[in-house]
Amino acid sequence: MTTDFAPQKFKPYTRQSIRQARQWQWLPPDQQEAVQVVSHVLPFRTNEYVMENLIDWANVPDDPIYRLVFPHRDMLPVDEYRQLRDLVMVKQDDAAIAALVHKIRMRMNPHPAGQMTHNVPRVNDHVLKGLQHKYKETVLFFPSAGQTCHAYCTFCFRWPQFVGMDDMKFDARETTELVSYLKAHEEVTDVLITGGDPMVMNTRSLAEFIEPLLAPDMAHIQNIRIGTKSVAYWPQRFVTDRDADDLLRLFEKVVASGKNLAIMGHYNHAVELRQDIAQKAVKRIVGTGATLRMQGPLIRHINEDPHSWAELWRTGVRLGAIPYYMFVERDTGPSEYFQLPLARAHEIFQQAYQMVSGLARTVRGPSMSAFPGKVAIDGVVTINGEKLFALQFLQARNPDWVKKPFFAKYDENATWLDHLKPAFGKEKFFFETDDAPQALHVPPQRKVIPITSARSCTSQGNAA
């Protein structure tokens, strides 16, 4: 399969190598310092495609993609930044830096929404650290070879995966435990392969994780999802990379098996889909029979303009993609820097929604992926003279909660579910009461499941 684009070699930049980029000299000293200091706490990685094509350097530091990938001093409180700057730039005390960095990271809520306490399943009373199972239909799988990205987003709620916090990392080196778990849980219909970004793997490695899911005894697995930001940060993965054609043949193989392959494309701004090669990537993906669903969080400093969202959704629909979710930024990492009031989030969503046709109104949001489930803000209403948020569960730990509307007192400053208070004088929401039905999906604690052999994935490789 031929393309109209010349192959491009993937070139990443980190804190250690960013000085090699020609754009580094364009940054004033205070911006350079912020990158060097804050990147000790938060992951920093970008690449030449992002630097050359997505960032408007005449608009730095306010350019949205620059703020998306480059750390800023305001991502840390003033006192923390001052302490860390002194250690990094002056004293250069590695032990003291490590101690302070750990302290800062731990107060940043590194794993929100019960990811480590309530979502991790077990087999033979053994924790499967490379899996998560929050909703009964869907299992998340974290292949170890996919625990990086072509570039890191500064808001990313998976940031502990990238900063060396090994005791908080989800990763699996092979599919044996996944296959065994899925065979024992035929209620599971969807497997989401996530990371990091699975698309940093070469096609051969990715196939070794996917192909066991196509076996006859995996018939209950109807949908295979792959979460990726590569559609925005490195669309060459689907167009000009050495094994891009092999990747598309893998997609076709999944579709030919009778399963749905859904590429969960993470987009944060319309500029990410304005590039010709990014649009070509979408066309090639949907041309295999796979679906491409567009999702991303609403983030202060990045994508508060509803026109950007509307442009993104319209362009995606024209190319064959499906607008899926607008998320509320999670309560983790530098959330104070990125979060927006829920009232403002709903206003932006509503304005963007009004600008698009029905084909783009498949998008849902703004949605909070909170501990009890995905909660959408449906609107702001007045009932009996009381101004309220109208809410509903789009997904929940207890399926009985899904699509059950409920109301919270209007709070113009609230940015997350646990900031809200129930309406109508109630003390708790229905899902917080002692007699609320418990989640129907409870991972087995002592059930003995035989571990069967499955094709393991030991080879790792970067697709770039």
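I count a salt bridge when a side-chain nitrogen of Lys or Arg lies within 4 Å of a carboxyl oxygen of Asp or Glu. K91 and D86 qualify because their side chains meet at 3.3 Å, N to O, inside that 4 Å limit. I also checked accessibility: K91 is exposed at 56%, while D86 is partly exposed at 27%.

Before going on, I noted the confidence. This is a predicted model. The protein has an average pLDDT of 87, and 85% of its residues score at least 70. Residues 113-117 fall below 50, and this stretch has 19 contacts beyond near neighbours in sequence. I marked residues 437-464 as well, where pLDDT stays under 50 and the model has 79 contacts beyond four places in sequence.

R274 and E311 form a salt bridge at 2.8 Å, N to O. This pair links distant parts of the chain, 37 residues apart: R274 sits in the loop between β9 (260-266) and α10 (276-287), and E311 in helix α11 (residues 306-319). R274 is partly exposed, with 42% relative accessible area, and E311 is partly exposed at 23%.

My last entry is R344 with E347, a salt bridge of 2.3 Å, N to O. Both residues belong to helix α13 (residues 342-354) and are three residues apart, about one turn of the helix. I have R344 as partly exposed at 28% and E347 as partly exposed at 37%.

Notes: Residues are numbered from 1 along each chain as its sequence is written. This is a predicted model: local features need pLDDT of at least 70, side-chain atom pairs count only at pLDDT 80 or more; totals for chains, interfaces and linings use all residues. Side-chain values use heavy atoms; hydrogens and water are left out. pLDDT is the predictor's confidence in each residue, from 0 to 100. Contact means heavy atoms within 4.5 Å. Buried means under 20% relative accessible area, exposed over 50%, partly exposed in between (1.4 Å probe, protein chains only). Helices (H or I, at least four residues) and strands (E, at least two) are DSSP runs, numbered from the N terminus.
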